[in-house]
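Have the viewer open beside you as you read.

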Amino acid sequence: MKRSNKSPLWRRAVSSEVDEELEMHLEMRTREYEAQGLSPDEARRKARRRFGDLDRHAAQCRREAGGRNRRWRWSAWLDELRQDLRFTLRQLRRRSAMAALVVGMLALGIGLTGTVAGMMHQALWQPLPYAEPERLLTIWEEQISRGKGINVVGPANFVAFRDAAETIDSMAGFISVSANVAGGEGPPVRAPFRWVTAGYFDVLGVPPEVGRTFTPEDSVREDRGVVIISHRLWQSRFGGRDDIVGQLLPVDGREREIVGVMPPHVALDMGPTRAPYGDAADLWGPLPVSDEWATARGRWLMVVARLADGTSAEDANAEIAGIMERQVQAMPAFNTGWIAHAVPLADNLREPLRLPMAALAGAVLIVLLIVCINASSLLLSRNLGRLDELSLRRALGAGRSRLGRQLLAEGVLISALAAALGWLLASRLRPLAAAVLPENLAASAAPSPGWVLAATLGLTLIVVLLCAWLPSLPALGKVARRVQSRSLGGTQSQHRLRAALVFAQTALALVLLVGSALMLQTVHRLLSVDPGFDSDGVVSFGVGLPRGTEPSRMQTFYGDLIERVAALPGVESVGAIDHVPMAGAGSATSFRALDRAEPDEGDWPVADIRTVDGEAFEALGVELKAGRAFDSSDGTDQAIGSVVISRLLADELWPDGDAVGQTLLVNWGDAERTRRIVGIVGDVYLVAPGIQPRGTIYYPQAQEPRALMNIVLETGRGVESMAPELRSVVADLDPTLPIFDLVTVRSLLRGTLADQEFLSRVITAFAALAFLLSVLGIYGVTALSVTESRREIGLRMALGARPLEVVGLFVRRIATWTAGALVVGLAAAVLAARAARDLFYEVEATDPAVLAGVAILVAAAALVAAVIPARRAARVDPSLTLRQE
Amino acid sequence: MPDDTQHRPELLRGTLDTLILKTLAWGPRHGYGIARWLEDVSDDALRIEEGSLYPALYRLEKRGLVESSWGVSELGRRAKHYELTREGRRHLRQETEQWNRFASLVTQVLATEPAA
């Protein structure tokens, strides 16, 4: 026998000695036969025959030699492993369908779980891209009467926090707005702009990529303003040119000098209160903290702070709360009823992601578990099916550990294959996940490749344990017993084990099914919410005039724009509103009705404030309930302003229905001006269908002009066809003004549901998979027990049992298991759903329809899966089976 | 060539080891030499599966009854030679005694004719 020289290195140490020795023996014997006159071939064959099984003897030698030295033993072990793997491969090839099924299932489980793990890392665990990010805090105020919800900070309170807090190393405030940017390449665009107080970048600990950050002088310069731009803007508008510092950039029509470029990913996303025009800032300008801040009213500042050395977020939170109490004393009229918090920046960003991510992780883990159980039970019955072969080998002297390793080899091989495939799947799913994830999840939870890989490897270990090691144990135990007792063991306990696995699977699948039903219900109910406006056939787009535009110009500009858009073909009605419903949060403030006593400080009711122009109510399909909409009589020159209020506010304050004609004072714009209610409109869901509207006060643009408005138009034409005409209408009025956020209101509405829809789709897909697998499991276990009970069936039928009774026998068994699984599964589902209840809208974890529906579905499927194989039992011919035994 | 292995006595378990030790009592040999010697002295009647010699040799070496070393064969090739250790010699003596006692007992029993 000629051994190849190319044999792997690790084999040589053992094999070379043994092989050389045996080879010499064969050679000498061959030579002897040749000397007797045989042909070389024949001589060799005869020598081989006389020698016996070369491979077996060589392997035995190696084993005997094992332990003589470490290297020898190690390679002997590897050598055996190689044999085991080769043997296993042969076995798998023989049962390729089963192997493919198990590998495929496991790969799916590993791939999905790896992807979700990658998403979780990105969303929840990855450190933020700032220096020592764990020391970064955000500071928020909160109005106690409004309950939950955080609020931006008043400038006076900011100054107090900044100057007094000793647990804080440094603190900066900023405002997120947007501005029109021209200059460089391309047409003017609307870009997110952040005004930041001195030291903002030092708080974050991010140095500029090019140039410098702001100096104190920047905010008092009189010649021209300065600006820092983002890496993105530097690349897109300036092609990344080297001499970017010192270039002039027209921002809102005024040239600013570029002093620096910030590296990618430094835009500070504050989470809950997001800037309405995308989260990433493209421009930063210096925001001077003037002396007036110490007494200024209004709340409009976002605050970020860095903890001092050796202090904790709790210390800072307590200190900020204390300072806020002093601020209430100092400015009671403004601060009564308000408190303040310091929250770690990461919590701010991650809190809203935690529950969806946990739900996703829970769902995918259930799928993985079910897949493992399935694979494990398939391998288990396969191992038990090999009992005869294993017992024989044990009797022939294979050690228990060797047999164990052989059984393990199969599981390990399958797991390794599955892991490789799973990783491949996960790396395919990664870009896919980024594409199908709803926008805000995609930004924060696109799976990171390193983590997907790490998670996949970790999962493989678990899978090996569950699918290779575990199923090998019962078979080994049985072999040991069988060798001792020399009997063929029964199959009773094997049944129990398999049935228990199927039971566990069904219970797990129930949890997913209930979760999926609740999510589907949630989306369904959210979609059936009447948002109070018409989203079909309504297009909206934004136009922003530069900061500091004269109010009269704002008024005439939007008046002209609305008029021109109305003249476009196919446009039915046109108006404008400062914040389109479903496009993010807007402003809110406190007010009081003048027909009753002034409430105490801090007890003033709160309402959302919106400014409208033109036929905004008509275009959005907001119903007029009483009085009138705004018209040309609501002009600037009126001593008493006009407002339209929502029905909720009207009913609350004037339940008798006499709201129209009443007067208000509102802490917004000209706070001293009395406002008369001229009309009442229906309630509009402003943020999302799941967030109940509160009272809303509408101002006419003529009386409280806003620089940025969104034009809303009712049209039978789509966005695509309207776009060029809308652009040219705006360009005709002012060529420096970009239009932005051109969308249908319908898509805004759907956008608010994107997270829930995504979750409900994923969980439903997972649930369907789990359901299918557990039904297959029930089918399999029944079929197996029918096959194994042929003798018992034959006996019963010979004794007069009717076929139906035989079928009933098996179905009853499954029915008992399923009933148990239903009880356990539904209980677990209710517990899981309670934990995740914030994901659901208007549906309880214990919703009887959901629970009953899922229970009926599972019970019916289990019954069908059991009856089909059980009917085969009824066709058993008693005489035939009895004779077979 | 007719298959005549059926007419050959099978080796009792454990006897192969003793035979190998005996072979080596005349001095060191390589594996093939052992096979040839067994063949010669038993007139080829005790034909063992030659391959099984080697695991037995390795087993004996592990038990410290033989020692191996690489030398040169009569044909000038590298060959592994085995020789008895002191322990091996003692073991062979014991086994031989035991065998003789066992054989004579069996012979005695088999020789006893039934009293008709």
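Glu757(A) and Arg750(A) join their side chains in a salt bridge, with 2.6 Å from N to O; the term means a side-chain nitrogen of Lys or Arg within 4 Å of a carboxyl oxygen of Asp or Glu. Glu757(A) counts as buried at 11% relative accessibility, while Arg750(A) is partly exposed at 30%. Buried here means under 20% relative accessible area, exposed means over 50%, and partly exposed lies in between (1.4 Å probe, protein chains only).

A word on conventions: this is a predicted model, in which local features need pLDDT of at least 70 and side-chain atom pairs count only at pLDDT 80 or more, whereas totals for chains, interfaces and linings use all residues. Residues are numbered from 1 along each chain as its sequence is written, chains are lettered from A and ligands numbered from 1 in the order in which they are written, and side-chain values use heavy atoms, with hydrogens and water left out.

### Where the chains meet

Side chains of opposite charge can pair when their charged atoms come close. Over all chains, the whole structure holds 37 salt bridges, and 7 salt bridges are found across the interface of chain B and chain A.

| Residue in chain A | Residue in chain B | Closest N to O |
|---|---|---|
| Arg56(A) | Glu49(B) | 3.7 Å |
| Glu21(A) | Lys80(B) | 3.6 Å |

Glu21(A) and Lys80(B) form a salt bridge. Because Glu21(A) lies in helix α1 (residues 9–35) of chain A and Lys80(B) in strand β3 of chain B, this pair joins two chains. Helices (H or I, at least four residues) and strands (E, at least two) are DSSP runs, numbered from the N terminus. Both Glu21(A) and Lys80(B) are buried.

Glu39(B) and Arg29(A) are both buried. These two residues belong to a network of salt bridges that also links Glu32(A), Arg50(A), Arg36(B), Asp40(B) and Glu50(B).

How much area do chain B and chain A bury between them? The value is about 2,500 Å², of which 52% is on carbon and sulfur atoms; buried area is the accessible area (1.4 Å probe) that two parts lose on being put together, summed over both. Chain B brings 28 residues to the contact and chain A brings 27 residues, where contact means heavy atoms within 4.5 Å.

Between the two chains, 12 residue pairs are in polar contact (both at pLDDT 80 or more). A polar contact is a pair of N or O atoms within 3.5 Å; within protein, one must be able to donate a hydrogen and the other to accept it, and residues adjacent in sequence count only if both atoms are side-chain atoms. On the side of chain B that touches chain A, α2 (31–41), α3 (53–62) and β3 (78–84) of chain B each supply at least two residues. The most comes from α3(B), with 6 residues.

### A threonine in a loop

Thr85(B) sits in the loop between β3 and α4 (86–111) of chain B, and it counts as buried at 13% relative accessibility. Its side chain reaches the backbone oxygen of Leu65(B) at 3.0 Å. Leaving out residues up to four places away in sequence, Thr85(B) touches Gly64(B), Leu65(B), Val66(B) and Glu67(B).

### Rings in chain A

Now for the rings: the structure holds 13 aromatic pairs over all chains. Rings of Phe, Tyr and Trp (its six-membered ring) pair if their centres lie within 6.5 Å; planes under 30 degrees apart count as stacked, over 60 as edge-to-face and the rest as tilted.

Why is the pair of Phe201(A) and Trp284(A) edge-to-face? Their planes stand at 70°, with the ring centres 5.7 Å apart. Phe201(A) lies in helix α7 (residues 200–204) and Trp284(A) in strand β8 (residues 283–286), both of chain A, so the pair ties together parts that are 83 residues apart in sequence. Both residues, Phe201(A) and Trp284(A), are buried. Together with Phe174(A), Tyr200(A) and Phe214(A), they form one aromatic cluster.
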